Amino acid sequence: MTDIQHEIQTSEGTNVQVEQARKKLYDWLNKPMRVSIVDGRVLVGVLLCTDRDQNLILGNCNEYIGSPSEQEEFRVLGLALIPGQHIKSIYIDENTSSIPNHSNISITKINDHMLDDDKSDC
């Protein structure tokens with residue numbers, strides 16, 4: 001196999017991976033998610049938008065110190081922009097299409113990386 005053939009094959013594999021990741025990201029739009037940030041806070045809201053810098057915009061967002069629970073107080077933020085560099089982990093609730101009941105969250109951990117392309121998903 002020549003270098004050009006290897007490069008084309010690698011490029012095609014990368015394009016497929018990018019398209020699969022983009023589709024998964026589109027599936028997560030308007031889904032409830034929980035975002036842990038590096039300072040220990042947890043933000044719970046609906047994913048509205050992301051960009052190439054891995055920033056997130058959550059709607060109907062509540063802020064918790066530590067993990068969300070029934071007894072813990074929270075602060076209502078509404079619309080929140082979370083810089084990508086501050087994101088520690090992201091969990092998404094794939095079972096509902098609206099704001100989750102904070103006392104009964106069913107979540108799945110997603111990969112620690114996001115799309116890195118030139119397009120915004122807003």
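Reply: The protein chain exposes about 8000 Å², and carbon and sulfur atoms supply 48% of that area. Buried residues make up 35% of the 122 residues in the chain. This is a predicted model, with an average pLDDT of 77 and 66% of the residues scoring at least 70. A stretch to treat with care is residues 98-119, where pLDDT stays under 50. For that stretch the model still has 44 contacts beyond four places in sequence.

On the overall layout, the secondary structure comes to one helix and six strands, and along the sequence the pattern reads α-β-β-β-β-β-β. Among contacts with a separation of 6 or more, 50% are between residues 24 or more positions apart.

Now to the strand you asked about, E3. Strand E3 covers residues 56-65, and because seven of its ten residues are buried, the rest of the structure largely encloses it.

Strand E2 (residues 41-50) runs antiparallel to E3, and eight bridges join them. Within this pairing, Val46 stands opposite Gly59 in E3. E2 and E3 form a hairpin with five residues between them. In the turn, Gln54 has a positive phi of about 70 degrees. Strand E4 (residues 75-82) is also antiparallel to E3, joined by six bridges. Here Cys61 stands opposite Gly78 in E4. As a general point to keep in mind when you view these pairings, side chains in a regular strand alternate between the two faces of the sheet.

A search of the whole structure finds one aromatic pair. It is formed by Tyr64 and Phe74, whose ring centres are 5.4 Å apart; their planes meet at 40 degrees, so the pair counts as tilted. Tyr64 sits in strand E3 and Phe74 in the loop between E3 and E4, ten residues apart, and the pair links distant parts of the chain. How does each partner stand on burial? Tyr64 counts as buried because its relative accessibility is 1%, whereas Phe74, at 44%, counts as partly exposed.

Ser36 lies in strand E1 (residues 32-37), and it counts as buried because its relative accessibility is 15%, with the cut-off for buried being under 20%. Leaving aside neighbours within four places in sequence, Ser36 is in contact with Arg41, Val42, His86, Ile87, Lys88 and Ser89. There is also a charge over a ring to look at: Arg34 lies over the face of Tyr91, at 4.9 Å from the ring centre.

Glu94 is found in the loop between strand E5 (87-92) and strand E6 (108-109). Glu94 counts as partly exposed because its relative accessibility is 45%. Beyond its neighbours within four places in sequence, Glu94 is in contact with Trp28 and Lys31. Glu94 and Asp27 are 67 residues apart in sequence, yet their C-alpha atoms are 9.1 Å apart in space.

How values were computed:
Residues are numbered from 1 along each chain as its sequence is written. This is a predicted model: local features need pLDDT of at least 70, side-chain atom pairs count only at pLDDT 80 or more; totals for chains, interfaces and linings use all residues. Side-chain values use heavy atoms; hydrogens and water are left out. Helices (H or I, at least four residues) and strands (E, at least two) are DSSP runs, numbered from the N terminus. Buried means under 20% relative accessible area, exposed over 50%, partly exposed in between (1.4 Å probe, protein chains only). Contact means heavy atoms within 4.5 Å. Accessible areas come from the Shrake-Rupley method with a 1.4 Å probe; for residues, only the protein chains shown count as cover. pLDDT is the predictor's confidence in each residue, from 0 to 100. Two strands pair if DSSP finds at least two bridges between them. Rings of Phe, Tyr and Trp (its six-membered ring) pair if their centres lie within 6.5 Å; planes under 30 degrees apart count as stacked, over 60 as edge-to-face and the rest as tilted. A charge sits over a ring if NZ of Lys or CZ of Arg is within 6 Å of the ring centre and within 35 degrees of the ring normal.
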